[in-house]
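Here's a quick briefing to read alongside the structure.

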Amino acid sequence: LGPALALVGFVGIVWVEEATGMTHHPVRTALLLISLALAAVLVGWLYQRHAWCRYLCPLGAMGGVFAVTSALRISARREVCAASCTGHECYKGTDTSQGCPMFNHALHLTNGQHCKLCLRCLQDCPHRSPRLVLQPPLRDMWRSNLLSPDLVPLAVVIGALVLLLAATRTASLGMPGGSLWFAVGCVAIAAFGLALVGLLAYRRQSDGSRDVAWAARVAYAYAPAAGALLLAFRLHDLPGLSSLSLGLSAPGGSLLDLSLLQLAQGLVVLLGGAMTLWALWQVARLRFEGDVLKTGAAWIGLGSVAVGCLVLALSWLR
């Protein structure tokens, strides 16, 4: 139930932002944040620890999707835990601490999807087993065996919503952010995401866990591209950026006149696309155990989808 509620909440937040023009009205943004804070307080009063952040928060779920690209995570030294740990303080806590607020055990953390990096486990463990480690970005996509399939529908929904948001900026569609068509699009995307939640749950129950795990890796590989598009879209809202440009002139006339907004959008999307293509290659290589032909065929197919979405969205973001 938690992933479905977080998904619907995320779509609702995006719709409210566009329908109310929230990005240009600080008071409306404050009301949204206050509403989320009140929901967190209510859930915190009813349940233990940070149940809102762990299971229900739409923004926390979005953070979990993009956490697979992180270069920082918590890792415990297994030999220390096996030889010395008897109290499991990192999870249960101590006399002065409630333990991990996100219901994690440091020994079983193989990625940062459900970790807020509060570093409480580092303080609670008497054996100094947990530690903050630096790793190559994207590593969790092909190295971690415990990527959460529950967040896969949200990863797909984020990408679809970004394309819908970008489409509202085009003159050909000509629809304002709060229009009926935008609301219909949000409802359709939410319905598709909920159907995906049900499909993944069915596949896991019908002994399709291995297929779900590979689907999760592929979906998360698109996260850098989706995040880049989301950032490129939000660059529109930075005051004054669209009015700045880089120019190069010569006696015969202007040689270069490039908008800083378009330059920033292009660089962000280029970086996100490159990260997605690299992640897809690594996932395909792992899936087909180094078979070059199968890996290449899978990468070309999946990569073409990513490139097509990026090019389409960039054309809409002009």
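The buried residues of α13 are Leu 261, Gln 265, Val 269, Gly 272, Gly 273, Thr 276, Ala 279, Leu 280, Gln 282, Val 283 and Ala 284. Bear in mind that this is a predicted model.

*α13 on its own*

- With 28 residues, α13 reaches 40 Å from its first C-alpha to its last, close to the 40 Å expected at 1.5 Å a residue.

*α11 against α13*

- Helix α11 (residues 209-221) packs on helix α13 (residues 260-287) with the axes 8 Å apart and an angle of about 160°.
- An angle over 145 degrees counts as roughly antiparallel, so that's the label for α11 and α13.
- The crossing of α11 past α13 is right-handed.
- On the α11 side, the residues in contact are Arg 210, Trp 214, Arg 217, Val 218 and Ala 221. They meet Thr 276, Ala 279, Leu 280, Val 283, Leu 286 and Arg 287 of α13.
- Sorted by class, that contact has seven nonpolar, one polar and three charged residues.
- Residues three or four places apart in an α-helix point the same way, because there are 3.6 residues a turn.
- Thr 276, Ala 279, Leu 280 and Val 283 of α13 meet α11, and these four are also among the buried residues of α13.

*α11 on its own*

- α11 has 13 residues and reaches 18 Å from first C-alpha to last, close to the 18 Å expected at 1.5 Å a residue.
- Its buried residues are Val 212, Trp 214, Ala 216, Arg 217, Ala 219, Tyr 220 and Ala 221.
- What do the buried residues of α11 pack against? Besides α13, the partners are α4 (58-66), α8, α9, α10 and α12 (223-234).
- Trp 214, Arg 217 and Ala 221 are buried in α11, and they also take part in the contact with α13.

**Other helices**

*α1 against α10*

- Helix α1 (residues 2-20) and helix α10 (residues 180-205) cross at roughly 165°, and their axes come within 10 Å.
- This pair, α1 and α10, is therefore roughly antiparallel.
- Their crossing is right-handed.
- From α1, the contact takes in Ala 4, Leu 7, Val 8, Val 11, Val 14, Trp 15 and Glu 18. From α10 come Phe 182, Ala 183, Cys 186, Ala 190, Gly 193, Leu 194 and Val 197.
- The class count for α1 with α10 is twelve nonpolar, one polar and one charged residues.

*α9*

- Helix α9 (residues 152-167) has 16 residues, so at 1.5 Å a residue it should span 22 Å; the end C-alpha atoms are 23 Å apart, which agrees.
- α9 is mostly covered, with 13 of its 16 residues buried.

*A residue in α2*

- Ala 39 sits in helix α2 (residues 26-46) and is partly exposed, at 23% relative accessible area.
- From Ala 39 to Ala 61 is 22 residues in sequence and 15 Å in space, C-alpha to C-alpha.

**Loops**

*Positive phi*

- His 88 isn't a glycine, yet its phi is positive, about 50°.
- You'll find His 88 in the loop between α5 (78-84) and α6 (89-92). Its relative accessibility is 32%, so it counts as partly exposed.
- Arg 128 is another residue other than glycine with a positive phi, near 55°.
- The loop holding Arg 128 runs between α7 (120-124) and β2 (130-134). Is Arg 128 buried or exposed? It's exposed, with a relative accessible area of 66%.

*Gln 98*

- Gln 98 lies in the loop between α6 and α7 and is exposed, at 57% relative accessible area.
- Leaving aside neighbours within four places in sequence, Gln 98 is in contact with Arg 49, Tyr 91, Lys 92 and Gly 93.
- Gln 98 and Arg 120 are 22 residues apart along the chain, with 9.4 Å between their C-alpha atoms.

*Asn 145*

- Asn 145 belongs to the loop between α8 (139-143) and α9, and it's exposed, with a relative accessible area of 66%.
- The C-alpha atoms of Asn 145 and Ala 83 are separated by 24 Å, and the two residues are 62 apart along the chain.

Definitions and conventions. Residues are numbered from 1 along each chain as its sequence is written. This is a predicted model: local features need pLDDT of at least 70, side-chain atom pairs count only at pLDDT 80 or more; totals for chains, interfaces and linings use all residues. Side-chain values use heavy atoms; hydrogens and water are left out. Helices (H or I, at least four residues) and strands (E, at least two) are DSSP runs, numbered from the N terminus. The expected span of a helix is 1.5 Å times one less than its number of residues. Buried means under 20% relative accessible area, exposed over 50%, partly exposed in between (1.4 Å probe, protein chains only). Axes are lines fitted to C-alpha atoms, for helices over the stretch in contact, and angles run from 0 to 180 degrees between N-to-C directions. Angles under 35 degrees count as roughly parallel, over 145 as roughly antiparallel, 65 to 115 as roughly perpendicular and the rest as oblique. A crossing is left-handed if the near helix is turned anticlockwise from the far one by less than a right angle, and right-handed if clockwise. Contact means heavy atoms within 4.5 Å. Ala, Val, Leu, Ile, Met, Phe, Trp, Tyr, Cys and Pro count as nonpolar, Asp, Glu, Lys and Arg as charged, and the others, Gly among them, as polar.
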